Amino acid sequence: MTQVSFAQHGMWVTERMGAGPAYHMPIVIRFDRSRAPDPAVLATACARVVERHPLLSRAVREHDGVPHLVPATRPPSLETGESVEEAVGRPFDLEHGPLVRFTLVGDTLVVVAHHLVFDGGSKDILVADLAAFATGVVPPPLAPFDSSDPSDPSDPSDPFDHAAGQRERVAALLGEARAFWADRWREPGDMVVPGGALRSRRGGPGRLLEFSLDVPGLPGLTRFEVLLAALHALLMSYGNADVVTAVDLSTRTAESEGCIGPFVNELPVFSSPPADAPFVTFAAALRAELRSLYAYREVPLARAVAGLKPHAALAPVSVSYRRGSMTTAFGEVDWLAFNHAVRGALQLQVLDPAGRTDDDPATPGMTASLRYDPDELTDPVGFADDLRAVLAAIAQDPARPLEMLPTRGPVVVWPVPTHAAVETAPEDSGAGVDLDDPLAAEIRAIWEEVLKLAPIEPHDDIFELGGHSLTITQIIARMRKRLGVEVDLDDFFDNPTIAGVLQAIRG
């Protein structure tokens with residue numbers, strides 16, 4: 001068994017809390033009938049892709065509270081289906097796998113992978129390898145990761161385990177990352193928008209709006225940085241003095257190039273846009289902030305910020321950006337195929353056409369996929385129009401003050417107080433509990449065993465002791481196995497002491 005990576009553990013936790021299809025990552029390939037591969041050839045190509053990328057043939061199974069990658073009970077294979085929607089939405093069995101499926105619907109191939117084994121960059125790799133195998137081309141072999149322990153000749157580590165090296169790198173950076181986020185992180189509050197507010201951080205049913213974006217090329221800025229700054233400026237114009245958006249950052253290293261896997265980490269970007277600041281000045285400052293967090297892009301926020309509760313999204317608004325082409329020699333590819341769900345209240349996924357450079361004076365043709373919770377974003381068309389209007393104004397005059405950008409805002413009186421929630425220490429609900437009973441002693445023994453600390457006092461906060469979601473799932477599993485009691489993860493975060501957990505058990 002191979003222990004999952006930090007990113008996989010976070011997704012495993014939130015999946016168990018009910019994310020639905022929010023972690024389904026579909027690719028839809030529509031073949032030209034005159035060039036569609038023979039189904040038998042396509043089935044062989046799918047099998048060869050899985051053989052090349054063993055992570056696709058894995059499942060995730062819990063052992064002593066720690067999720068591990070194990071072989072799926074059956075290998076993925078090409079199936080036939082009745083509709084694209086059914087192929088995309090069908091649930092995955094995480095414990096038995098497999099975590100990818102290939103479904104042929106007429107002349108359309110639907111590939112759906114769970115985010116536990118896949119990311120945006122993996123889409124390009126899978127399509128390229130699938131096309132190669134379907135046309136008789138054998139891609140060059142991938143180099144396995146050096147994941148074994150040189151001091152232990154019996155070490156059974158998976159040669160394609162990408163998590164082992166990441167754990168070492170994260171451990172080396174953890175102290176710096178904690179210091180970096182100490183004066184930055186704050187719980188995201190509501191983001192005011194016309195007609196309501198964005199506040200959800202859960203995974204759930206969503207709707208889709210697709211539209212095009214013309215993002216200007218500005219000196220010293222990438223198009224992604226211009227887009228992100230424009231989004232922050234738009235949210236400011238609606239009356240949000242403090243803005244936060246989560247962004248997906250690639251964690252690929254040189255050794256993982258060409259490999260399929262979840263090489264991604266979601267991190268928050270905070271800003272307090274000055275209304276009178278020229279856009280280019282604000283964008284340059286946001287760029288600097290974005291570049292500063294790149295040094296810690298592999299460190300999951302939950303490891304750097306104590307007591308961070310698991311959420312499907314770090315913030316109500318998130319952005320994902322990638323480059324690519326909608327058409328390949330293999331067929332027409334829908335890289336942004338919709339999974340009928342949303343993580344958070346609003347996800348903006350953007351595909352930038354391949355072959356353009358960031359210093360182009362005009363860069364039309366970006367495809368935007370806006371996934372949203374209809375209960376919170378009631379006017380998605382208006383939001384899209386506002387974002388396009390802001391970008392058009394920036395193209396005309398990059399030095400225009402933020403307060404002069406054309407939107408429907410502010411929707412509340414400017415300025416508004418910060419929307420960031422004030423963090424308060426959880427109240428120890430275990431006061432008055434009899435801590436001398438046998439159950440309390442058993443719970444304390446499990447805590448000390450997992451945290452490798454002793455003694456742990458009844459009212460010691462687990463997060464102040466260095467605990468995090470992984471140690472908590474271990475404690476929960478051992479309490480279930482040894483004591484026959486079940487504590488929900490949410491209850492644990494709300495009652496992070498031995499006394500509080502005992503109170504939650506006693507009811």
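Author: Happy to. Let's begin with a helix pair: the axes of α6 and helix α9 (residues 380-396) come within 10 Å and cross at roughly 120°. Axes here are lines fitted to C-alpha atoms, for helices over the stretch in contact, and angles run from 0 to 180 degrees between N-to-C directions. Helices (H or I, at least four residues) and strands (E, at least two) are DSSP runs, numbered from the N terminus.

Reader: Is this an experimental or a predicted model, and how are residues numbered?

Author: This is a predicted model, where local features need pLDDT of at least 70 and side-chain atom pairs count only at pLDDT 80 or more, while totals for chains, interfaces and linings use all residues. Residues are numbered from 1 along each chain as its sequence is written, and side-chain values use heavy atoms, with hydrogens and water left out.

Reader: Which residues make the contact?

Author: On the α6 side they are V226, L227, A230, L231, L234 and L235, and on the α9 side F383, D386, L387, V390, L391 and I394. Contact means heavy atoms within 4.5 Å. The residues of this contact of α6 with α9 divide into 11 nonpolar, no polar and one charged. Ala, Val, Leu, Ile, Met, Phe, Trp, Tyr, Cys and Pro count as nonpolar, Asp, Glu, Lys and Arg as charged, and the others, Gly among them, as polar.

Reader: Now aromatics. How many pairs does a search of the whole structure find?

Author: The search finds seven aromatic pairs. In one of them, F224 and Y321 have ring centres 5.4 Å apart and planes at 45°, so the pair is tilted. Rings of Phe, Tyr and Trp (its six-membered ring) pair if their centres lie within 6.5 Å; planes under 30 degrees apart count as stacked, over 60 as edge-to-face and the rest as tilted.

Reader: Where do F224 and Y321 sit?

Author: F224 is in helix α6 (residues 223-237) and Y321 in strand β14 (residues 317-324), so to speak a link between distant parts of the chain, 97 residues apart.

Reader: And what's the strand order in the open sheet of six strands?

Author: The order is β11-β19-β18-β14-β12-β13, with mixed pairing. Two strands pair if DSSP finds at least two bridges between them. At the edges stand β11 (207-213) and β13 (264-271), each with a single partner strand, so one side of each has no neighbour in the sheet. From one strand to the next, the twist averages 25°.

Reader: What does β13 pair with?

Author: Strand β12 (residues 243-250) pairs with β13 in the antiparallel sense over eight bridges. D248 stands opposite E266 in β13.
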